[in-house]
Amino acid sequence: MAMDSNQPGNPSPLSPTSTLSVPTSPHPESSQNYSLGRLLSASNHVEYLASRVTRSSAVFVYDLAEQAGFGTLTKAWGLSQQTNTSDDKRASQHSLSVTAPVTPLQTRAGAGLTLLGRLSHDSSSSPDLQGKNVVTAYTTPTGLKVMANSLASLPPATPTSKLVIQVPTVSPIGEDFTLSPTLAALGSVLPLLPDSATVLLSATPKETVDLALLSYIISDFHVIHLFDHWGSAREVGHALEPYPDFLSSTIPNKESLAQALENAGYKFFDYHGDPNAETVLVVLNGPLSLMLVSLIADASGVAVVVVRILRPWDESSFSSALPKTVKNVHVLEDVPFETALGVLHADVLGSLVSFVASGERPLPIVRSERIVPGRLKFLLDNRSALESFISGIIPQFTPRATPTSPSTKVVQFYSTPGTPLSSVPQIIEQTFTPTPKSLISSRLLTNHDLVTRSGGIALDSITISKETSPTLLNGDRPADFVAVLDQALLKTHTVLETAKPGAIVLAITSWTAQEFITSLPAETLAFIRDQKLQICILDAKSVSNTHTPVTGGLEPVLVYIAFLRLYLGTATKTDVATLTQANPITRAVENLENAEVEKLVDSVWNGLVRVTISAKEHIDPAPPQAASPPLKRFEFNTIATEVEGETHVNGARLSSWHDAAKHILFPSTFSPPSEFSSSSEAHPQNPCLRPEIPDRTFLVTCTVNKRLTPLEYDRNVFHLEFDTSSTGLKYAIGEALGVHGWNDAQEVLDFCQWYGINPDGLVTLPVPSSSSSTEGYTRYHTRTIFQALQQQVDIFGKPTKSFYTDLAAFATNKVDRLALSFIGSAEGSSTFKKMNEIDTVTFADVLKQFKSARPGVEVLCEIVGDTKPRHYSIASSQAVVGDRVDLLVVTVEWETPSGSPRYGQCTRYLARLKPGQKVTVSIKPSVMKLPPDSRKPLILAGLGTGAAPFRAFLQHRAWEAAQGIPIGPIYYYFGSRHQSQEYLYGEEIEAYIEAEVITKAGLAFSRDGPKKVYIQHKMVEDGNLLAKSLLQSEEEGLSGGVFYLCGPTWPVPDVYEALLNALVKNGTGFDVASAEEYLERLKEEERYVLEVY
């Protein structure tokens, strides 16, 4: 039945006011780094710190590390910054953001020799390392074992040359490849290490980051740092920044290793437990040590010594760590098989024998407790098994009751990776601890099982607590809340076995309550009944469909609301609505009004159904012939996973070469004819040539690209000629050529590497229809991602306000989401204007600034939009040049206030053209038209490349004169800075003056004389001529001349004033008012024509 919305569920021990709060407006200075840091695991921090050019001269990523989910980020950073590190100046200015050179390596016989070869280099080329040669490598314990023989040949470490190996401790074991944090491989490595190597072991996230930093300031040791990548180092939610000042230094520490550790707040060995213990457990620092410390807390006569520095083994520190009362020492160490000898036992025994020889203490009994990899995982997953194990070796040990702090909750989510609902755990984890001052600790750990089920299973575990415990321990406590987000898992896996008695279970399913009962295996139903689990089901898809007209993608939001309803049993609808609207990742609700959010809450309230399982005698077991296969257990065997399949968004989708082949082989089926593909044309448009462009396009060939200004001049003005033969391209005088330019190829590749997309992948995009002839068709074209980003998508263009709003929906970080929403809102107009006009950010810049907003590339193509053609006034007359079109272009370059270089994408594209290259162009009509009567006087005023259309005018009038057609006077005004450097088409102008095609020329070169002279000054000098030309007498059969201005906007007022004065001061009978009225009439008659930009 539906749950009564007025009847609260079981209240959570954590009240809503103590665990959740509505976040206030973000303050980037105080919260942005904190929030971003919480989204990163300790392993992510280690990758970042180890790969900085300030710490490493080179990073080598072995395949085993990458297979364990460690090193992928470093490789991506290395690829994205290859071009940056080649600029020494830029690298030195931004060294903290620059990645050292990254090299991937295979783990094979002789692995490690490459590292020795790299160490033989004299020094690093990085100025940040001040001549040091620090080589970093990533590998797993298994990889470390393979390279052991090579490590034996390590030269002594020096302050200027050392090796650092970061080792995520996770290894596959057994036939099912279950992952374990075993360090059994160290038994083959430690005996071969030279004396100048130190081995550091970390257990907690903070310790992992601190010792990773310490690895680079220890001067006289090669460092092998092993950290718990199996569990704690992958947890998200720990505040790991800012780094301690002492550890953030990149200057080698000249003190001893022990002193460096002490300065960082650590010791060689940690002692936990009874200070007068008679029995001591010695264990390596890691997940097992954390559980043992928790287990023996308050136990009498028992203690744990945790080994943090395994090499060099410090007998004195170990002796100091042990109490004088110790009688029994049990060494717990990882071994590959039961009969193997452990290195740690030998170290401990040797130290104790030395103590006896020196008379310091009697020799206690020392026993080796060998733990094979499979058993280690079992002990970590089952606290009761660990208790039994310890009780077996210490008979007098009585374990304390399993801690059941009411202020700590464990929430688990089972889902299928890559599905929309797989994002729910991230939404919920970010709901807790929204600010650095929060009293609530929440941590998320995600594990995957890709072996027991096709498509995989994701298990997300969240610990929510008022206490700040160091790590989330597997098997440490059962779950208080279990959500099953894929109903199929209930039939195949024992996903409820981790739920504690009385726990709440939320199942997202299309089943009714009765179908839920009949669909579950009998053993699952019995478990639910015996454990008194509270089962609630929700058909999220059905509820979402009722709101589809309002917004899409609601299912994760609806599940989030259901979680709040059940977890916060005493919360009201208003509380849930407020929290839902404030959550930073609920992508579908940002544009909804409060009333609409409340409708969603009502729908979930009414859609939640509580399922009651009947008594035992009413559960009929399935008949033998219908018995289903035995249920499987979730097995943690994968850290990183990829989900294959197509993603469809607004018609665009990721595609395959099969789709591309279909579009090529069957164009009539998949790409209906465009409106310009008529077969009656002599030169019909190729339907494959930029089909997304609604204009008629032509493919022309560059034949000339000639720079007109000197190479040493700071403005690159160049002349282009394109061959239009066999294209059908026709243009009129004054029309503009639309150039459909390409983005820079290297910048596109760099973006693909940074964004983590394969440039050779395919994307299929819809072609918009702009004609009734294609109405009803859905046309598509398939391109590689590189082609789409280089030739079509405006990824380096200026973003619109709507882009910020669209992008906010994909931000997984609260600060990013709120900031993007603000910039896209009316209130954010000033911020948008600053970013757009002063900072001149691009779409790519915005994505890099708000890194958590990562839509798929098919979505990105849709929300960014296509590159618009750049239009350039045609600088030629087709009657004169024939099958050719000329352009006059200046490259556009500038710097942002922060010093970042910016380029006009299209002018840079044109400047790099080589003769023979093809360019896609289109024709655009212009206001720059010659009057039909060639006898009309023309006044042409152009600044810089504004001379382009007037070159076409002059060519055409000279051609008419050569044909014996009478032409009127032409007054040509041209302005630039220097005659010797920027007198564009100067030789042609002088020839036209000599041939009297140009009646009079007013040339203004503003920087050549002691006083700056502009074209308006020349026009003032010729005021009488200009007035006479504009007021050509009616007796001559003409209605007056035409004035044209082409170029930048800044001289428009001064030019207008010059014409106004010419009319008023030259005996024409005009006063100021009547002259202004006359000029306005000229505009209406298209005799006062401006084309300014």
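Mentor: Let's start with one term: contact means heavy atoms within 4.5 Å. Keep in mind, too, that this is a predicted model.

Trainee: Okay. Leaving aside its neighbours within four places in sequence, which residues is F318 in contact with?

Mentor: Once those sequence neighbours are set aside, F318 is in contact with F269, V282, V305, W313, V348, S351, L352 and F355. F318 also belongs to the largest nonpolar core, which has 83 residues.

Trainee: Which residues in that largest nonpolar core touch the most other members?

Mentor: F318 is one of them, together with V282, L310 and V348. Two of these, V282 and V348, are also on the contact list of F318. Apart from this core lies another, of 56 residues, with V283, F516, I528 and V609 among them.

Trainee: What lines the largest cavity?

Mentor: Its lining has 18 residues, and L183, L284, N285, G286 and D334 lie nearest the centre. The elements giving two or more residues to that lining are strand 8 (222–227), strand 10 (279–284), helix 15 (287–296) and strand 13 (328–334). The largest share comes from strand 13, with 3 residues.

Trainee: How many residues of that lining are nonpolar, polar and charged?

Mentor: The lining divides into 11 nonpolar, 4 polar and 3 charged residues.

Trainee: On to charges, then. How many salt bridges does the structure hold?

Mentor: For a salt bridge, look for a side-chain nitrogen of Lys or Arg within 4 Å of a carboxyl oxygen of Asp or Glu. The structure holds 31 of these. Take R715 and E982, whose closest N and O atoms are 2.9 Å apart. That pair links distant parts of the chain, 267 residues apart: R715 sits in the loop between strand 24 (698–707) and strand 25 (717–723), while E982 is in helix 40 (residues 979–982).

Trainee: Is E982 buried or exposed?

Mentor: Buried means under 20% relative accessible area. E982 has 2%, so it counts as buried, whereas R715, at 28%, counts as partly exposed.

Trainee: Which residue does D845 form a salt bridge with?

Mentor: Its partner is R902, and the closest N and O atoms are 2.7 Å apart. D845 is in helix 35 (residues 843–849) and R902 in strand 32 (residues 901–903), so this bridge ties together parts 57 residues apart in sequence. D845 is partly exposed at 23%, but R902 is buried at 14%.

Trainee: How far is it from N to O in the salt bridge of R1081 and E1085?

Mentor: That one is 3.7 Å. Both ends are partly exposed: R1081 has a relative accessible area of 41%, and E1085 has 38%. Elsewhere, salt bridges with shared partners join E721, R884, D886, R951 and E988 into one network.

Trainee: One last feature. Why is helix 36 largely enclosed by the rest of the structure?

Mentor: Count its buried residues. In helix 36 (residues 857–864), 7 of the 8 residues are buried, so the rest of the structure largely encloses it. The buried ones are V857, E858, V859, L860, C861, I863 and V864.

Trainee: And what follows helix 36?

Mentor: G865 does, with a positive phi near 90 degrees.

Definitions and conventions
Residues are numbered from 1 along each chain as its sequence is written. This is a predicted model: local features need pLDDT of at least 70, side-chain atom pairs count only at pLDDT 80 or more; totals for chains, interfaces and linings use all residues. Side-chain values use heavy atoms; hydrogens and water are left out. On a 1 Å grid over the protein atoms alone, a cavity is a set of points where a 1.4 Å probe fits but cannot get out, and a pocket is an open set with protein on both sides within 12 Å along at least five of seven lines; lining residues have an atom within 4 Å of a point. Helices (H or I, at least four residues) and strands (E, at least two) are DSSP runs, numbered from the N terminus. Ala, Val, Leu, Ile, Met, Phe, Trp, Tyr, Cys and Pro count as nonpolar, Asp, Glu, Lys and Arg as charged, and the others, Gly among them, as polar. Buried means under 20% relative accessible area, exposed over 50%, partly exposed in between (1.4 Å probe, protein chains only). A nonpolar core is a set of buried Ala, Val, Leu, Ile, Met, Phe, Trp, Tyr and Cys residues joined through side-chain atoms within 4.5 Å.
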